[in-house]
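User: I'd like to learn how to read a few features of a protein model, one at a time. Could you walk me through some of them?

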Amino acid sequence: DSYTVAHAISKVVAEEKPDLIFAGLNTTDEGAGNVGPMVAEFAGIPSLVNISKLEWLNEGKSLRGERDVEGGIVEVYEAQLPLLVAPHQNLNDPRFPSLPGIMKAKKKPIAEKKASELITEKAKVEVRNFKLPPEKAPGKIFKGKPVEEMVVEVAKLLRSEAKVL
């Protein structure tokens, strides 16, 4: 669940002490987007979520982030490092890495952590039952008649079978 994953990641954050953490906005936690902000909360650092523009301030010691909200309004936030940012998908135009950059990245060590060492408590969510939704009846294809007749037939079926009209 989101809580357990965020708690485990926050342990690594406490150990590594990064200045800036990027978290995904669209996450695999049922699409709720909880993990990033929860990591920030557990780590005791600020978070900027759904940010569409970032700007460094104070010689790299803080960031200003902008978030677009409804009606063309832009919210502006400033936060000191360390900081977690969950950016909006249009924050950046991805670039392709250079070959020298790829080769350098291959040589960088990557520390591995075992989930069993990071997850020390029982999950907050327990799945007790799971079943797939019932199969839907196959769709109907209308062809071989004049369009006007097919439209009348579709309207009748929407009214009598689907009960949407």
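**Reading the features**

Analyst: Happy to. Glu78 is exposed, with a relative accessibility of 53%. Keep in mind as we go that this is a predicted model.

User: Why does Glu78 count as exposed?

Analyst: The general idea is a cut-off on relative accessible area: exposed means over 50% and buried means under 20%, with partly exposed in between. Glu78 has 53%, so Glu78 falls in the exposed class.

User: Good. Now salt bridges: how many does a search of the whole structure find?

Analyst: The general idea is a distance test, in which a side-chain nitrogen of Lys or Arg lies within 4 Å of a carboxyl oxygen of Asp or Glu. Searching the whole structure gives seven salt bridges. One of them joins Arg64 to Glu78, with the closest N and O atoms 2.8 Å apart. That pair links distant parts of the chain, since Arg64 belongs to strand S4 (residues 62-68) and Glu78 to strand S5 (residues 74-80), 14 residues apart.

User: Which residues are linked with Arg64 in a network of salt bridges?

Analyst: Glu55 and Glu78 are the residues linked with Arg64 in this network. The side chains of Arg64 and Glu55 meet at 3.4 Å, N to O. As for accessibility, Arg64 is partly exposed at 23%, and Glu55 is partly exposed at 35%.

User: Let's turn to sheets. What is the order of the strands in the open sheet of three strands, and what is their pairing?

Analyst: In general, the strands of a sheet pair through backbone hydrogen bonds, and the pairing is either parallel or antiparallel. Here the order is S3-S4-S5, and the pairing is antiparallel. S3 and S5 are the edge strands, each having a single partner, so one side of each has no neighbour in the sheet. From one strand to the next, the twist averages 20 degrees.

User: How many bridges join S3 to S4?

Analyst: Five bridges join these two antiparallel strands. As an example to look up in the structure, Lys53 has Glu66 in S4 as its bridge partner.

User: What lies in the loop between strand S3 (53-57) and S4?

Analyst: Lys61 is one of the residues there, and Lys61 is exposed with a relative accessible area of 53%. When reading contacts, set aside the neighbours within four places in sequence; Lys61 then touches Gln80 and Leu81. A C-alpha distance gives another view: Lys61 and Ala79 are 18 residues apart in sequence and 8.9 Å apart in space. Asn58 is found in the loop between S3 and S4 as well.

User: What should I look for in the backbone angles of Asn58?

Analyst: Asn58 has a positive phi near 50 degrees, although Asn58 is a residue other than glycine. Asn58 is partly exposed at 49%. Asn50 also has a positive phi, of about 65 degrees, without being a glycine. Asn50 sits in strand S2 (residues 47-51) and is partly exposed at 24%.

User: And omega: which residues does a cis peptide bond join?

Analyst: Leu81 and Pro82 are joined by a cis peptide bond, with omega about 0 degrees. Pro82 is in the loop between S5 and strand S6 (83-87).

User: Is Thr4 buried or exposed?

Analyst: Thr4 has a relative accessibility of 11%, so Thr4 counts as buried. Thr4 is part of helix H1 (residues 2-16). Apart from neighbours within four places in sequence, its contacts are Ile119, Ala123 and Lys124.

Note on methods: Residues are numbered from 1 along each chain as its sequence is written. This is a predicted model: local features need pLDDT of at least 70, side-chain atom pairs count only at pLDDT 80 or more; totals for chains, interfaces and linings use all residues. Side-chain values use heavy atoms; hydrogens and water are left out. Buried means under 20% relative accessible area, exposed over 50%, partly exposed in between (1.4 Å probe, protein chains only). Helices (H or I, at least four residues) and strands (E, at least two) are DSSP runs, numbered from the N terminus. Contact means heavy atoms within 4.5 Å. Two strands pair if DSSP finds at least two bridges between them. Axes are lines fitted to C-alpha atoms, for helices over the stretch in contact, and angles run from 0 to 180 degrees between N-to-C directions.
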